[in-house]
Amino acid sequence: ASNSIYFLDSDKGWALSYRSSDVPPYINYIYRTSNAGSNWEVLRSDTGYYFQYKKIMFVNDSTGYLYN
C-alpha cells in the first residue's frame, strides 16, 4: 500500500510505500511513473531499521524529499 503519492505534473509522479513486520527492519520503496500512473517502476528500495518514511515530495524531476 502506498502511504504518499506526489505528482509534479499530470504525467510525472512518485509513490512511497513500505513493508514492515513486528520487528525491524522496515523496507521503504520509492516508485516512479512518467505516464500518469499507468505504469510504475521501482526507483529505489531501502531498509530503515527503526522507521518508515511517511511522505514524499518533489520540487523538480531530480530533487525530492522524504519525511518520516
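Is Lys12 buried, partly exposed or exposed? Lys12 is partly exposed, at a relative accessible area of 30% (buried means under 20%, exposed over 50%, partly exposed in between, with a 1.4 Å probe and protein chains only). Before the close-ups, please note that this is a predicted model, in which local features need pLDDT of at least 70, side-chain atom pairs count only at pLDDT 80 or more, and totals for chains, interfaces and linings use all residues. Residues are numbered from 1 along each chain as its sequence is written, and side-chain values use heavy atoms, leaving out hydrogens and water.

**View 1. The strands of the protein chain.** Here you will find 6 strands and 0 helices (DSSP runs numbered from the N terminus: E of at least two residues for strands, H or I of at least four for helices). The order from the N terminus is β-β-β-β-β-β. Of the 68 residues, 22% count as buried.

**View 2. Lys12 and Asp61 form a salt bridge.** Their side chains meet at 3.1 Å, N to O (a salt bridge is a side-chain nitrogen of Lys or Arg within 4 Å of a carboxyl oxygen of Asp or Glu). Lys12 sits in the loop between β1 (2-7) and β2 (13-19) and Asp61 in the loop between β5 (55-60) and β6 (63-67), so the pair ties together parts 49 residues apart in sequence. Asp61 is partly exposed at 47%.

**View 3. Arg32 and Glu41 form a salt bridge.** Their N to O distance is 3.1 Å. Arg32 is partly exposed, with 33% relative accessibility, and Glu41 is partly exposed too, with 41%. A search of the whole structure finds 2 salt bridges.

**View 4. The largest nonpolar core has 5 residues.** Look for Trp14, Leu16, Ile30, Ile56 and Phe58 (a nonpolar core is a set of buried Ala, Val, Leu, Ile, Met, Phe, Trp, Tyr and Cys residues joined through side-chain atoms within 4.5 Å). Strands β2 and β5 are the elements that give two or more residues to this core.

**View 5. Aromatic pairs, 3 in the structure.** Rings of Phe, Tyr and Trp (its six-membered ring) pair if their centres lie within 6.5 Å; planes under 30 degrees apart count as stacked, over 60 as edge-to-face and the rest as tilted. Phe7 and Trp40 have ring centres 6.2 Å apart and planes at 75°, so this pair is edge-to-face. Phe7 belongs to strand β1 and Trp40 to the loop between β3 (26-33) and β4 (41-48), 33 residues apart. Tyr29 and Tyr31 are stacked, at 6.2 Å centre to centre and 25° between the planes. Tyr29 is buried at 19%, whereas Tyr31 is partly exposed at 24%.
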